[in-house]
Amino acid sequence: MKTKHSLKLFSTNHFVVTLLISSLMFTSCTQEEGQSLPLQETQAVISFYDKAGIETAELNEKLDYKSFHLTKLMEAVIRSSPDFDSQLTSKPSNGEHLGASYFSDLLSKSHTEKGGANDDIQFSLNAFTDLDGESWYPYLRKLKKGKDGNPLFLINSFDVKEEREIVQGYEPDGTGKLKLVSKEVFEEDIFDSETDRAVGNRAVYAIAIAPCLRTAVARCSGGGGGNTGSSTSIVTAKFGYMIIKDKKESWLEKAEVHKQSYSSESPQPGRLYGPCGNGCDTVGDRIRKFSNRDVRKRKKKTVNHRFYYAGNSVNRGNVVSYVIYENDHWPAHLRQYNAYVNGAQFKFRYRSYQTPYDQNTITLNPDRPYNLQYALSTTRRNNAIEYNIVR
């Protein structure tokens, strides 16, 4: 049996969250083994129901806010619908968002005859909307079947000290609350037959947030790929193939590879081009999702995702700045890309826990103005990614 990553903590020793919160500011919460939970609801209300305050809080406090509201929603579902599993949308799947059931749907069904969710639950349902200028929606996804009535719930988190994404495990206690039982759960703890006995015959679920809701979920669950720009009457460029070597993501989620790109015909010295400059690619940011297997095997995937659309004038692609990155949801950092061409600055922001896969400034003009690399002869390789740009 593997022992390095086995779930030794799913027994009598439990990790819990102690919240030390004042009426004026947040303080960090710590996770200690074997402590009881002295949380008072009045303390939580002061902090975790202040959406404006959480936007300026430290990352560890934002992570606490996320886990607080996700576990609160799951507790409400368990309390109102003990048979919630029968309401889930599809069979278990380890593909992100496949079979996802949004808490807004689960709770609306369970509260149909009870007059709707209370104010606390309603706040938790909306805790991630209009947050830092974006919106995300909480959902529940089944990872593994089980029959022993003691489910395990996983939440993707971030180790601030080690600067890496982790997966934390929660289970219900005797009072209906979810308690933290493992600071880090590994993929083999859940799916490998040699360590499967650590989980036993337990159902396993992921609790998370996504930027899509209901009818938009199809856009989130697909494999990716963009407009190929096949028309011969316009100047276009696309990513032809892509290999992801560094997942930059926890095992619970696929690598969601995105890009941002902005352009200018002739950048003017001293001018700031951002967030969109005087020309930008308004096609969706996602390139593709890459599975754990894709990354482990370093599979060469044809993506055919439109890199840039230049209309009918090659000069519109004189300068194109872009970044390829692992897209993360709140509370991941908002990072900033800066490029300087002819004394002008290109500047835009993107959300990711990790450093980007690649960033570059090139041209779609074969005359190579400003001594930039020509896009359609570009093949890039580093320790994290390999890809090319073609017509």
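Predicted model: local features only at pLDDT ≥ 70, side-chain atom pairs only at ≥ 80, totals over all residues.
Before I turn to the sheet, a definition: two strands are said to pair if DSSP finds at least two bridges between them, and strands (E, at least two residues) and helices (H or I, at least four) are DSSP runs numbered from the N terminus. Residues are numbered from 1 along each chain as its sequence is written, and side-chain values use heavy atoms, with hydrogens and water left out.

Let me start with the whole chain. The protein chain contains 8 helices and 21 strands, and of its 391 residues 52% count as buried, where buried means under 20% relative accessible area, exposed means over 50%, and partly exposed lies in between, with a 1.4 Å probe and protein chains only. If we take contacts (heavy atoms within 4.5 Å) between residues at least 6 apart in sequence, 70% of them join residues at least 24 apart.

Now to strand 17, residues 344–351. Which strand pairs with strand 17 in the antiparallel sense over 8 bridges? That is strand 16, residues 334–341, and in this pairing tyrosine 340 stands opposite glutamine 345 of strand 17. The two strands form a hairpin with 2 residues between them, and asparagine 342 in the turn has a positive phi of about 55°. Strand 17 also pairs in the parallel sense with strand 11, residues 272–273, over 2 bridges, and there tyrosine 273 has phenylalanine 346 as its bridge partner.

Turning to the interior, a nonpolar core here is a set of buried Ala, Val, Leu, Ile, Met, Phe, Trp, Tyr and Cys residues joined through side-chain atoms within 4.5 Å. The largest such core has 33 residues, and those with the most contacts inside it include Tyr65, Met74, Phe103 and Ile207. The largest share of this core, 7 residues, comes from helix 3. Leaving aside neighbours within four places in sequence, isoleucine 207 is in contact with Leu70, Met74, Phe103 and Phe153, among others. A second, separate core of 23 residues includes Ala237, Met242, Val257 and Phe290.

Finally, aspartate 50 lies in the loop between helix 1 (41–48) and helix 2 (51–55). Why does aspartate 50 count as partly exposed? It does so because its relative accessibility is 32%. The C-alpha atoms of aspartate 50 and tyrosine 65, which are 15 residues apart along the chain, are separated by 9.7 Å.
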